[in-house]
Amino acid sequence: MKNNPFDTFGIDHLSNSSISLFISNPAKWVLNYLHKIRSLMNAAMLRGTVTDHEIGRQEKEPLPIAESIQRAILEFDTTVKQLKKEKAFEIDDAKELKEKQNLAKYIELAIPHYKNLGKANHQQKIEYQPEWSPVPIIGYCDFSYPELGIVRDLKTTAKKPSEIPDSVNRQLSIYSTALDGYVPLVDYVVVNQSRQEVITMEVNDVDKWMSQVQGAVIAMQNLLSLGDLNEITSVMYPDFSDWTWTDYEIAEAKKIWSIK
């Protein structure tokens, strides 16, 4: 595709997270991807990342559960220390301690679950280049099973899901499409005071979710075709009632949009 407004802003690929943010919170998308001001890593995000890493390590370097937990805790502590040094971590000592303590429970549930499913490709990179986008959509599948034609994504959460969120439906639909029709499944590892279980849900109607992805990418192109960052920013206005805004982002957004 010759006309590529993404070039103007140094965007060489898209991801499900960027597409879903554009859909749900356009002003925050402008802040994150055009002004290049990103939110900080927080303890819950890191807990999910470390859990995923440890499950992947079990494929190559299997350990008993107790030692696996210690390896994950070491990664958690080391990463927190490094992120704090880089001022890239959202400081909240209570949440940090809580997520570190819960890490063991998530790993105790997740590792047996994935071992029972058999050998998988872990963090497989997918690159989907549709004709309606000038840049590819890139993602990393948590677990893919070529022999079974299945792709799975791991979500760690304290709340039992009643349904799959739209953003996750789009994410797994992108993976399924890029992998030529793999069955898309989401594994929710749920840990709270009353419940500890793994709940698997299937994404249905992939074509519907991919239609949303296409619509969002075309809308991005139309917006970026304005060409000027100040003009693009001026047609947006942030709504800080959205819980996804961090204090850091709000402070920076208030400067950009001159909000008192």
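The following dialogue explains how to read several features of this predicted model.

Me: How many helices and strands are in the protein chain?
Reply: Helices (H or I, at least four residues) and strands (E, at least two) are DSSP runs, numbered from the N terminus. The protein chain has nine helices and five strands. Read from the N terminus, its elements follow the order α-α-α-α-α-β-β-β-α-β-β-α-α-α.

Me: What is the radius of gyration of the protein chain, and what does the globule rule give?
Reply: The radius of gyration is taken over C-alpha atoms, and the globule rule is 2.2 Å times the number of residues to the power 0.38. Here the radius of gyration is 20 Å, close to the 18 Å that the rule gives for 260 residues, so the protein chain is as compact as a globular protein of that length. The C-alpha trace spans about 55 × 45 × 30 Å along its principal axes.

Me: What is the strand order of the sheet?
Reply: Strands of a sheet pair through backbone hydrogen bonds, either parallel or antiparallel. Two strands are taken to pair if DSSP finds at least two bridges between them. In this model, five strands form an open sheet in the order E1-E2-E3-E4-E5, with mixed pairing. Strand E1 (121-128) and strand E5 (196-202) are at the edges with a single partner strand each, so one side of each is left without a neighbour in the sheet. From one strand to the next, the twist averages 40°; axes are lines fitted to C-alpha atoms, for helices over the stretch in contact, and angles run from 0 to 180 degrees between N-to-C directions.

Me: How many bridges join E1 to E2?
Reply: Seven bridges join these strands, and E1 and E2 run antiparallel. The C-alpha atoms of Glu127 and Ile138 are separated by 4.6 Å, although the two residues are eleven apart along the chain. Apart from its neighbours within four places in sequence, Glu127 is in contact (heavy atoms within 4.5 Å) with Pro136, Ile137 and Ile138.

Me: Why is E2 described as largely enclosed?
Reply: Buried means under 20% relative accessible area, exposed over 50%, and partly exposed in between (1.4 Å probe, protein chains only). Eight of the nine residues of E2 are buried, so E2 is largely enclosed by the rest of the structure. Helix H5 (residues 93-117) lies across E2, E3, strand E4 (183-191) and E5, and runs at about 150° to E4. Over the protein chain, buried residues make up 48% of the 260 residues.

Me: Which residues of helix H9 are buried?
Reply: In helix H9 (residues 247-256) the buried residues are Glu249, Ile250, Glu252 and Ala253. Their cover includes helix H2 (26-34). After H9 comes Ser258, whose phi is positive, near 55°.

Me: How many aromatic pairs are found in the whole structure?
Reply: Rings of Phe, Tyr and Trp (its six-membered ring) pair if their centres lie within 6.5 Å; planes under 30 degrees apart count as stacked, over 60 as edge-to-face and the rest as tilted. The search finds five aromatic pairs. One of them, Tyr128 with Trp132, is edge-to-face, at 6.4 Å centre to centre and 75° between the planes. Tyr128 counts as buried at 19% relative accessibility, and Trp132 counts as buried at 14%. Phe240 and Trp245 also form an edge-to-face pair, with 5.0 Å centre to centre and 85° between the planes. Phe240 is partly exposed at 25% relative accessible area, whereas Trp245 is buried at 6%.

Methods: Residues are numbered from 1 along each chain as its sequence is written. This is a predicted model: local features need pLDDT of at least 70, side-chain atom pairs count only at pLDDT 80 or more; totals for chains, interfaces and linings use all residues. Side-chain values use heavy atoms; hydrogens and water are left out.
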